[in-house]
Amino acid sequence: MINEHKKVLIVGIKGVAMAHIAVILKKMGYDVEGADVDEKFITDDMLNKHGVTVHTHFDLEVTPDNVSHVIYSAAHGGTEN
């Protein structure tokens, strides 16, 4: 799985746990993007430093192409978001 190019979308990526998961996946070679609110978080600089794109929407209509995995938590409605 690691040898294949995979794109991961993380919902609520600015949360402390999700941001760290994003960085770990990025270091493993995954293409990582996320979605969260348009509000300043303490994790913004870390995500930016590691080249993780953060979208300020939760709309499937504008989900990045070729997403192979979606990671989400129970926050913001979980599967209903």
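Before anything else, I noted what counts as a helix: helices are DSSP runs of H or I with at least four residues, numbered from the N terminus. With that in hand, I looked at where helix 1 ends: glycine 29 follows helix 1, and its phi is positive, near 105 degrees. I also wrote down that this is a predicted model.

Entry on the fold. I found two helices and four strands in the protein chain. Along the sequence, I read their order as β-α-β-α-β-β. I then looked up the contacts with a separation of 6 or more, and 58% of these in the protein chain join residues 24 or more positions apart.

The protein chain has 81 residues, and 32% of them are buried. I noted an accessible surface of about 5200 Å², with 54% of it belonging to carbon and sulfur atoms.

Entry on helix 1. Helix 1 covers residues 16-27, which is twelve residues. I looked up its reach from first C-alpha to last: 17 Å, close to the 16 Å expected at 1.5 Å a residue.

Which residues of helix 1 are buried? I listed Met18, Ala19, Ala22, Val23 and Leu25. Seen down the axis of helix 1, these buried residues fall within an arc of 165 degrees, so they line one face of the helix. On the other side of helix 1, I found Ala17 and Lys27 exposed.

What do the buried residues of helix 1 pack against? My list reads strand 1 (7-11), strand 2 (31-35), helix 2 (44-49) and strand 4 (69-71).

Key. Residues are numbered from 1 along each chain as its sequence is written. This is a predicted model: local features need pLDDT of at least 70, side-chain atom pairs count only at pLDDT 80 or more; totals for chains, interfaces and linings use all residues. Side-chain values use heavy atoms; hydrogens and water are left out. Buried means under 20% relative accessible area, exposed over 50%, partly exposed in between (1.4 Å probe, protein chains only). Contact means heavy atoms within 4.5 Å. Accessible areas come from the Shrake-Rupley method with a 1.4 Å probe; for residues, only the protein chains shown count as cover. The expected span of a helix is 1.5 Å times one less than its number of residues. The arc is that of the directions from the helix axis to the C-beta atoms.
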